[in-house]
Amino acid sequence: VLLLQVLIRRLRLHARARAKERAEVTSTVAERVGAIRLIRSYGEEGRESARFAAQANRYRKRVIRTQRFSSLTGPITEVFSGFLVILIIWAGTRPELLGLAQPLAPEAIIVFLMAALRLTSPLKTISSFPALMAVALASAERVFEVLDQPSRETDRPGEGAARFEREIVFDAVSFRYGDGDPVLSEVSFTLPRGKVVALVGPSGAGKTTLADLLPRFHDPTGGRILMDSVPLTRLTRGSLRGLMSVVSQDTVLLNDTVFANIAYGSPGATEAQVEAAAEAASAAGFIAQLPDGYQTIVGERGARLSGGQRQRVAIARALLRDPPILILDEATSALDTASERLVQQAIDRLMAERTALVIAHRLATVRDADEIVVLDAGRVVQRGTHDELFRAGGLYRRLYDLQFRDEETTLAAGL
Ligand SMILES: Nc1ncnc2c1ncn2[C@@H]1O[C@H](COP(=O)(O)OP(=O)(O)OP(=O)(O)O)[C@@H](O)[C@H]1O
Ligand SMILES: [Mg+2]
């Protein structure tokens, strides 16, 4: 019994460590599944899978170790039930112990024995059954969730490395998700090198979907996108994504240090480079005030930072890569006027001297664009500069007035 106690105590220790490691593995998986676009657009698939393999291996070793202990407890219970048999026989033959007048009849003892032995094994099974079922069900659910994710992307023969010198042309691009309704219908426009094209339009117009076609998260279901006259479908995703930084609408930060989040996708970045990027993204100031500076852990999904701070970390990440092409899906969440200004400064530096496709919500970003493409329900309804579209009236003017009114009220509230 003492031995069993020692064993069980060790087993419990191991099980606790194992549960902790399992939690780490699952939270890594959950986090990385949620950040799949970030991982893909920053070309980190290889390093992520190596990191995960190491973690899973550590967990596997731990499982084997606990298993070794728990397989010992089985035999020990067997030995224990052996002693139980001896005890029953011994007690049954000593009537004074049970307060009986005469020893139990041999038949009675046998009945006791049978009952005791028959009870032990099914009891063991029954007691472990609910736990087993719960684990199995939960696991099955997760497996299906992950299976629903699109599988690994593979390069097809005939795909070459991307080069970008002149322009990107959207040529009558249409797109639908699966067999749903068309989300984009014959969208055409040109993004020349060194220029900024802004996409504006009501929510659900298809702006994010359109921007997702550039790094080939999806391929058009109709029409073509050409980079220097080569269709994107003839270029490898890796080389294409190497040319661009993506700042997405919902900022994705990983539960790691500020430094690691900025250096994500730029392996080998030096401290000085990371700090320069943070400086340019108007993020250096608040990072200096964090308890551990660049080594501060940002928490799950960056929970320990404010919305505006998260955006600036994501912008610093994009700046550090210093790619020729930039895809910026401005966050719609409202910021207070001070952080709004800091974020806008960061965006301005990000777009300077770069080819940019910007999904714009901020007036300043829209006004500075070389061309504005107005999308409504997946179609281009207007194109031109801010001044042209402003004078022309129509959807752009309506969106602009709507935002301008909001802007005035927030300004008034801020003063
Ligand atoms: N993964 C998806 N599967 C199916 N439908 C989708 C998917 N993503 C978006 N859609 C649909 O496509 C349409 C366009 O969505 P999209 O995200 O491109 O809009 P948006 O212009 O970026 O809107 P917002 O300004 O709110 O970000 C919407 O009707 C949306 O429901
Ligand atoms: Mg969007």
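Visitor: Is Thr 28 buried or exposed, and what is its relative accessible area?

Guide: This is a predicted model, and Thr 28 belongs to helix α1, which covers residues 2–34. A residue counts as buried when its relative accessible area is under 20%. Thr 28 therefore counts as buried, since its relative accessible area is 18%.

Visitor: Which residues coordinate the magnesium ion, ligand 2?

Guide: The coordinating atoms are OG1 of one residue and OE1 of another, at 1.9 to 2.5 Å from the ion. The two residues are Thr 208 and Gln 249.

Visitor: How many residues apart in sequence are the parts that this pair ties together?

Guide: Thr 208 sits in helix α6, residues 207–213, while Gln 249 sits in the loop between β6 (244–247) and α8 (258–263). Because the two lie in these separate elements, the pair ties together parts whose separation in sequence is 41 residues.

Visitor: What is the relative accessible area of Gln 249?

Guide: Thr 208 is partly exposed, with a relative accessible area of 30%. Gln 249 is also partly exposed, and its relative accessible area is 31%.

Visitor: Which element gives the largest share of the shell around ligand 1?

Guide: The residues surrounding ligand 1 include Tyr 177, Val 183, Ser 203, Lys 207, Thr 208, Thr 209 and Gln 249. By class, this shell has three nonpolar, six polar and one charged residues. The largest share, three residues, is contributed by α6.

Visitor: What percentage of the area that ligand 1 exposes when taken alone does the protein bury?

Guide: Polar side-chain atoms approach ligand 1 from several residues: one of Tyr 177 lies 3.3 Å from a nitrogen atom of the ligand, and one of Lys 207 lies 2.7 Å from an oxygen atom. In the side chain of Gln 249, an N or O atom is 2.8 Å from an oxygen atom of ligand 1. Taken alone, ligand 1 exposes 640 Å², and the share buried by the protein is 56%.

Visitor: What percentage of the residues of the chain count as buried?

Guide: The chain has 15 helices and ten strands. Of its 415 residues, the share that count as buried is 40%.

Technical notes:
Residues are numbered from 1 along each chain as its sequence is written. Chains are lettered from A and ligands numbered from 1 in the order in which they are written. This is a predicted model: local features need pLDDT of at least 70, side-chain atom pairs count only at pLDDT 80 or more; totals for chains, interfaces and linings use all residues. Side-chain values use heavy atoms; hydrogens and water are left out. Donors are N, O and S atoms within 2.8 Å of the metal (3.2 Å for Na, K and Ca); water is not among the atoms, so sites may look incomplete. Helices (H or I, at least four residues) and strands (E, at least two) are DSSP runs, numbered from the N terminus. Buried means under 20% relative accessible area, exposed over 50%, partly exposed in between (1.4 Å probe, protein chains only). A residue is near a molecule or strand if one of its heavy atoms lies within 4 Å of it. A polar contact is a pair of N or O atoms within 3.5 Å; within protein, one must be able to donate a hydrogen and the other to accept it, and residues adjacent in sequence count only if both atoms are side-chain atoms. Accessible areas come from the Shrake-Rupley method with a 1.4 Å probe; for residues, only the protein chains shown count as cover. Ala, Val, Leu, Ile, Met, Phe, Trp, Tyr, Cys and Pro count as nonpolar, Asp, Glu, Lys and Arg as charged, and the others, Gly among them, as polar.
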